[in-house]
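Good morning, everyone. Let me put today's model on the screen and walk you through it.

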Amino acid sequence: MSTTNGGPAPQASQPQMPVPQIGILVQYVKDFSFENPNAPNSLMQPQQQPQIGIQINVNPNQLSNTDFEVELKVEGKAELTGTVLFAFDLNYAGVFRLTNIPAESLGPLLMIECPRLLFPFARELIASAISNGGFPPLMLQPIDFVGLYQRRLADMQAQQATTQA
């Protein structure tokens, strides 16, 4: 007698593939510096739009078979007529547990998805520090971590080509 409640009979169970999982174990400020070198004079200048330069880098580090630390380094400087208004240097990191991830997906996951998860927290820290320094908060635009990863791969391939030539 069938116990399928009128449905098809159960089939032999197929071996199930392990489900890929990503977990954030911890995230933290590893290093943070904010400089306001010309205060209070820089705060009393007419409100002109400064030149702002931002650099972003991602550095993964394997801690164990499944655990990886990913550092998101964000550096920036605002200048007006050659005078530094403010500068910041943030190294924000997280430890991620990656299980059942295919080897070919590990690099993109560490260089794209992990920093994408960290970025909103880093952006908030930077905006708060700049605001606490007496300036309007700087809201960093979302980062194209896919493009950053692709440029890094292209740079590595170019270096390998020149090394082999």
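Where does proline 40 lie? Proline 40 sits in the loop between β1 and β2. Keep in mind that this is a predicted model. Alanine 39 and proline 40 are joined by a cis peptide bond, with omega about 5°.

Is serine 42 buried or exposed? Serine 42 is buried, because its relative accessible area is 6%, and the cut-off for buried is under 20%. Which residues does serine 42 touch, apart from neighbours within four places in sequence? The contacts are Asn36, Leu85 and Phe135.

Now step back to the whole chain. There are two helices and four strands. Along the sequence the order is β-β-β-β-α-α. So much for the layout; now some totals. The protein chain has 165 residues, and 28% of them count as buried. Its accessible surface comes to about 10900 Å². Carbon and sulfur atoms account for 53% of that surface. Next, the contacts between residues at least 6 apart in sequence. Of these, 68% join residues at least 24 apart.

Let's go to the helices. Two packed helices are described by the angle between their axes and the distance between the axes. Here, helix α1 covers residues 103–132 and helix α2 covers residues 145–164. Their axes come within 9 Å and cross at roughly 145°. The crossing is right-handed. Who makes the contact? From α1 we have Gly107, Pro108, Met111, Ile112, Pro115, Arg116 and Phe119. From α2 we have Phe145, Val146, Tyr149 and Arg152. By type, the residues of this contact are eight nonpolar, one polar and two charged.

On to the aromatic rings. How many aromatic pairs does the structure hold? It holds three. Take phenylalanine 34 and phenylalanine 86. That pair is stacked, with 6.1 Å centre to centre and 25° between the planes. The pair links distant parts of the chain. Phenylalanine 34 is in strand β1, and phenylalanine 86 is in strand β4 (residues 83–99), 52 residues apart. How covered are these two residues? Phenylalanine 34 is partly exposed, at a relative accessible area of 26%. Phenylalanine 86 counts as buried, at 5% relative accessibility.

The next pair takes us back to the helices. The rings of phenylalanine 119 and phenylalanine 145 have centres 6.2 Å apart and planes at 70°, so this pair is edge-to-face. It also links distant parts of the chain. Phenylalanine 119 is in helix α1 and phenylalanine 145 is in helix α2, 26 residues apart. Phenylalanine 119 counts as buried, at 5% relative accessibility. Phenylalanine 145 is buried as well, with a relative accessible area of 2%.

Which residues do ring pairs link into a cluster? The cluster is Phe34, Phe86 and Phe135.

Now two links between strand and helix regions. Tyrosine 28 is in strand β1. At 24% relative accessibility, tyrosine 28 counts as partly exposed. Apart from neighbours within four places, it contacts Glu69, Asn91, Tyr92, Ala93, Gly94 and Val95. Tyrosine 28 and phenylalanine 121 are 93 residues apart along the chain, yet their C-alpha atoms are separated by 9.4 Å.

Glutamate 113 is in helix α1. Glutamate 113 is partly exposed, with a relative accessible area of 30%. From glutamate 113 to isoleucine 22 is 91 residues in sequence and 9.7 Å in space, C-alpha to C-alpha.

Last stop: backbone angles. Threonine 81 has a positive phi of about 50°, although it is not a glycine. Threonine 81 is in the loop between β3 (67–80) and β4. Is threonine 81 buried or exposed? Threonine 81 is exposed, because its relative accessible area is 74%, and exposed means over 50%. Asparagine 100 also has a positive phi, about 60°, and is not a glycine. Asparagine 100 is found in the loop between β4 and α1. At 42% relative accessibility, asparagine 100 counts as partly exposed.

Key:
Residues are numbered from 1 along each chain as its sequence is written. This is a predicted model: local features need pLDDT of at least 70, side-chain atom pairs count only at pLDDT 80 or more; totals for chains, interfaces and linings use all residues. Side-chain values use heavy atoms; hydrogens and water are left out. Buried means under 20% relative accessible area, exposed over 50%, partly exposed in between (1.4 Å probe, protein chains only). Contact means heavy atoms within 4.5 Å. Accessible areas come from the Shrake-Rupley method with a 1.4 Å probe; for residues, only the protein chains shown count as cover. Axes are lines fitted to C-alpha atoms, for helices over the stretch in contact, and angles run from 0 to 180 degrees between N-to-C directions. A crossing is left-handed if the near helix is turned anticlockwise from the far one by less than a right angle, and right-handed if clockwise. Ala, Val, Leu, Ile, Met, Phe, Trp, Tyr, Cys and Pro count as nonpolar, Asp, Glu, Lys and Arg as charged, and the others, Gly among them, as polar. Rings of Phe, Tyr and Trp (its six-membered ring) pair if their centres lie within 6.5 Å; planes under 30 degrees apart count as stacked, over 60 as edge-to-face and the rest as tilted.
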